Amino acid sequence: MNQSAEKLRQYAQENVVFILQKLMEDILAQQPKNVIDWSIAWLDKKGRDIVKQRQKQNIHSSSSDDEVIELPKRPAAARKQRASISAEAYGQYNRKESFQPRVIVKTQQQKEKIGKRLEQSFMFASLDQREKDIVIDAMEERSYNAEDWVIKQGDNGDNLYVVDQGELNCFKRFIKDGENKFLKVYYPGESFGELALLYNAPRAASIQCKTDSILFALDRQTFNHIVKDAAMKKREKYVNVLKQIELLSMMDPYERSHVADAIRSANFQKGDFVIREGEQGDIFYMIEEGELIATKTLIQGQEPVKVFQYKEGDYFGELALLKDIPRQANVVAQTEVKLIYLDRHSFKRMLGPLEDILRRNTEKYQKYEQYWINQGK
């Protein structure tokens, strides 16, 4: 490498890479709508603090490896080209290199037990049997006592966890240095800790054992090579759908990503009834493709009449997640339809009651409630 390129590399390493890495981690964790304005504010406030901390560390010759990311060396054939900084530096921990999956010896009974838990976990739903076998071999059983912290918000993370036995509480600070807010309880079959691996970001929440617990831990390498692509593809697809639903717009990215994991899909043919008036309802539907209508019996003894038209991007059945009342209308497919949906049980297990989210946006809740009262749905 010539002297000029070496100076550029050294300058980037000492003054640029570490702060851009931190900025990227926070962007992926927070997912702001206006990235440019958010980044400017971040650089002006948090960026300055990070630089000051780094300067203090440099004075005491104790800077950590987490803040300085070695730039990949350029291949010999490319050394005469113009010097550049590779974006790979920012994804060093998630880069796919030569992969040899780890194998932790287990009995057949242990393998079957882990396999059963994987079937229950949304995170592994897209894997084929070969991929599941690799994951099962790589998982490590870990035991925790009640009140032990498994992960803490803001820490770095190298493992995803699947709950085998016990219950664990999830807490999150929504404001820096604020109090931990309880979000939900994790039960056997559920997984957590994947955000740090998916986005190479600090832990987005804290998990504490409510009871004595047994967890299966999956390492970053196996997750990156086997689980990550399928999980990210599914999650990003449904996260984008959820962002368009006004009722759910006040979710923070952590909550939204876990709802996306719980989503399922269903197809209906023209003329099919998705829901029927008078039935008990426990499903919230969002329309991915197709058109539907809502019909309602306005006069007893007469045929139901059309009261609403649904199209792609619309949703229905949300009252089933808010109140325990029978369906107030029929919803019938007018074309071939592809829906995504959440059942009440999955929604509450992922996030707790929807009212916890709507409490942050009371005006919108009142608007939706009054709207459906007026519509008679």
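The model is predicted: local features need pLDDT of at least 70, side-chain atom pairs count only at pLDDT 80 or more, and totals for chains, interfaces and linings use all residues. Residues are numbered from 1 along each chain as its sequence is written, and side-chain values use heavy atoms, without hydrogens and water.

Eleven salt bridges are present (a side-chain nitrogen of Lys or Arg within 4 Å of a carboxyl oxygen of Asp or Glu). One joins Asp-164 to Arg-117, at 3.1 Å from N to O. Asp-164 belongs to strand β3 (residues 159-165) and Arg-117 to helix α4 (residues 108-120), so the pair ties together parts 47 residues apart in sequence. Helices (H or I, at least four residues) and strands (E, at least two) are DSSP runs, numbered from the N terminus. Arg-117 is buried as well, at 15%.

Glu-190 sits in the loop between β5 (181-186) and β6 (191-192). Its relative accessible area is 7%, so Glu-190 is buried. Glu-190 forms a salt bridge with Lys-184, with the closest N and O atoms 2.9 Å apart. Lys-184 is buried at 3%. A further network of salt bridges with shared partners joins Lys-113, Arg-117 and Asp-164.

An open sheet of four strands runs in the order β9-β16-β11-β14, with antiparallel pairing (two strands pair if DSSP finds at least two bridges between them). The edge strands are β9 (264-268) and β14 (315-316).

How values were computed:
Buried < 20%, exposed > 50% of the residue type's maximum accessible area, 1.4 Å probe, protein only.
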